[in-house]
Amino acid sequence: MYKNIEKKTKLVLKDLIDYQDGQVVSKTLVQNDVVSMTLFSFDKGEEISTHAAGGDAMVTVLDGTGRFTVGRDVFILDEGETLIMPKDIPHAVFGEEKFKMQLVVSF
């Protein structure tokens, strides 16, 4: 079920993905018909453009600050904060500064 991650090891999620200049980087940890879990790092000013997900998407910021647009609402999240973006509602993510997040989508 899990991939790209050590088992039976104490982990710090934000340390499992690095920043890259001018890029959004992703690392999939789980992908199946029920749930997906992915780590992302965003360089300042980088974004994932507006899209909709086929399940509820929960994001938790692991480092830095990100801007999340969900429908017409805008949320600024800092380290340790979480937001749930409902299924089929268009959303976008923008790096207000360099930031890392964990995304869990439940289908």
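Me: How many positive and negative side chains does the protein have, and how far apart do the centres of the two sets lie?

Reply: In this predicted model, Lys and Arg are counted as positive, whereas Asp and Glu are counted as negative. On that basis the protein carries 12 positive and 17 negative side chains, with 6 Å between the centres of the two sets.

Me: Which secondary structure elements does the protein have, and in what order do they run?

Reply: The protein comes to 0 helices and 7 strands, so that, read from the N terminus on, its elements run β-β-β-β-β-β-β.

Me: What does the radius of gyration say about the protein?

Reply: The general idea is to set the value beside the one for a compact globule, which for 107 residues would be near 13 Å; because the protein has 13 Å, the two agree. Along its principal axes, the C-alpha trace spans about 40 × 30 × 20 Å.

Me: Is F40 buried or exposed?

Reply: A residue is called buried when its relative accessible area is under 20%. F40 has a relative accessible area of 12%, and therefore F40 is buried; in the protein, buried residues make up 36% of the 107 residues.

Me: Where is the place of F40, and which residues does F40 touch?

Reply: F40 lies in strand β2, which covers residues 35–42. Leaving aside residues up to four places away in sequence, F40 touches I17, V24, V25, S26, I48, F99, K100, M101 and L103. As for M85, which is 45 residues from F40 along the chain, the C-alpha atoms of the two are separated by 16 Å.

Key: Residues numbered from 1 in each chain as written. Predicted model: local features only at pLDDT ≥ 70, side-chain atom pairs only at ≥ 80, totals over all residues. Heavy atoms only, no water. Helix = DSSP H or I, 4+ residues; strand = E, 2+ residues; numbered from the N terminus. Buried < 20%, exposed > 50% of the residue type's maximum accessible area, 1.4 Å probe, protein only. Contact = heavy atoms within 4.5 Å. Rg over C-alpha atoms; globule rule 2.2 N^0.38 Å. Charge placed at Lys NZ, Arg CZ, Asp CG, Glu CD.
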